[in-house]
Amino acid sequence: MNLAQFPRRRYTAGWTPLEKLENLTRLLGGPNIYIKRDDLLGLAAGGNKTRKLEFLMADALAQGADTVITCGAVQSNHCRLTLAAAVKEGLHCQLVLEQRVPNSYRRHASGNNFLYDLLGVEAVHVVEGGSDVNGKMEEVAADLVKQGRKPYIIPGGGSNPIGALGYVSCAQETLAQLFDMGVNIDHIILTSGSAGTHAGFLTGILGENANIPVTGISINRKKEPQTDLVFGLAQKTAAKLNLQREIRREDVVVFDDYVGEGYSRPTQGMLDAVRLLASKEAILLDPVYTGKAMAGMLDLLKKGYFDGDKNILFLHTGGSPALFAYTDVFFGI
C-alpha cells in the first residue's frame, strides 16, 4: 500500500510507543498484554483523531480552506483535536456539538469543553441529540460562503476514506514495531465508534496480509449497524488504496455488550477498567471510549475469548481530558 501518494501533514514526531503491560499481565496471569500508545500522539493532549487529521487537514489546505467545521458530542476528543490542528495551520474552526445526553452541554464545563475555549474556537453551535448534525454543518458552511470564506467540513470522528488512511498508516507502523521487537501478536483489540479507526486499522492489517484478528468494542451502536458501518468504510478505504485484498463482512468483528445505557454514559466496568489501568500501569483511559473498550477486553479475557493467544494488543486511542468532566462519577458525588 502506497500512502505516499496522498498529501499529509505531520503532527507527531516519530512513532507512538508500543509497550508490554507487565503489571496487568502479571495480575491477570496471561496472555501477554501489549498496548499501542496513541494517547501520546501530537496536538493538544493527543488521541487517535490526530492520525486522521494529518490527511484531512492536508486535503483542506489543498482545497484552499480558511475554516474547518466539524461535529461531535459535547466532550468530543475529535472536536478538540480538529480545533488544535486548525490552530497549528492558522485556520479558523467552528464546532457543532450534539447533546447526546439531554442538557449535557455546559459552556464552562471542564474537560474538552474547557479546552475548546482555551484553544480559541471561533464558534460553537449546540444542537439537541438526534439532530441532523451533518445538515447543521452544511448550514454553517453556507453562511461562511456568503461571507466570502472557504469552509471545509470534516465528518464526525474524521471518519471518511481520507481520515481512515491515518489508521492504515497506524497498522503499518504497528507491524513494523512488532517486527523490531520480535513480538508476534495473536489478536488486536480496539474501540469501535465512528468507524474510521476500526475500518482503517483493519484495512491496513489485511492490506499488509498480516491476517491478525481485529476485534472492535462498540461504544455507541448495536452489533449489526456498527458492523455495517465499519464494513462500508473499510471497503471505501480499500478502494481508495486500490487494494487487491478483498475486505469481507466477516472480517469485521464487533462486540456491543459494553455500551451500557448509551454513548458516554458511565458503566461500572468502565469505572473499574479506568481505575485498574491508572493504578497498575499509570496509564489514563477515557470514560467514553477506551475505558469501555478496556472493560470489554478484560471481560472477554475472563470469558476465555483469547484462550490460546500468547500475545494480545490493545490500541489506546486516547481521550483522557474527558476524565476531568467525569470526576463526580468517579467520586460518587
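Student: Which residues is F314 in contact with, leaving aside its neighbours within four places in sequence?

Tutor: In this predicted model, F314 is in contact with Y34, I35, K36, I189, L285, T290, A293, M294 and M297. Contact here means heavy atoms within 4.5 Å.

Student: What makes F314 stand out in the largest nonpolar core?

Tutor: That core has 34 residues, and F314, along with M294 and M297, touches the most other members. The largest share, 7 residues, comes from α10. There's also a second, separate core of 30 residues, with L178, I185, A238 and V252 among them.

Student: Why is the pair of F255 and Y305 called edge-to-face?

Tutor: Check two values. The ring centres of F255 and Y305 are 5.1 Å apart, and the limit for a pair is 6.5 Å. Their planes are at 85°, and over 60 counts as edge-to-face. So F255 and Y305 pass on both counts.

Student: What makes this pair a tie between parts of the chain?

Tutor: F255 sits in strand β9 (residues 253-255) and Y305 in the loop between α10 and β10, so the pair ties together parts that are 50 residues apart in sequence. F255 and Y305 also belong to one aromatic cluster with F306.

Student: How do you know whether F255 and Y305 are buried or partly exposed?

Tutor: Use the cut-offs: buried is under 20% relative accessible area, and exposed is over 50%. F255 has 19%, so F255 is buried. Y305 has 32%, which falls in between, so Y305 counts as partly exposed.

Student: And what kind of aromatic pair do Y263 and Y289 form?

Tutor: Also edge-to-face: their centres are 5.9 Å apart, with 80° between the planes. Y263 lies in the loop between β9 and α9, and Y289 in the loop between α9 and α10, 26 residues apart. With Y263 at 13% and Y289 at 19%, each is under the 20% cut-off, so both are buried.

Key: Residues numbered from 1 in each chain as written. Predicted model: local features only at pLDDT ≥ 70, side-chain atom pairs only at ≥ 80, totals over all residues. Heavy atoms only, no water. Core = buried A, V, L, I, M, F, W, Y, C linked by side-chain atoms within 4.5 Å. Buried < 20%, exposed > 50% of the residue type's maximum accessible area, 1.4 Å probe, protein only. Helix = DSSP H or I, 4+ residues; strand = E, 2+ residues; numbered from the N terminus. Phe/Tyr/Trp six-rings, centres within 6.5 Å; stacked < 30°, edge-to-face > 60°.
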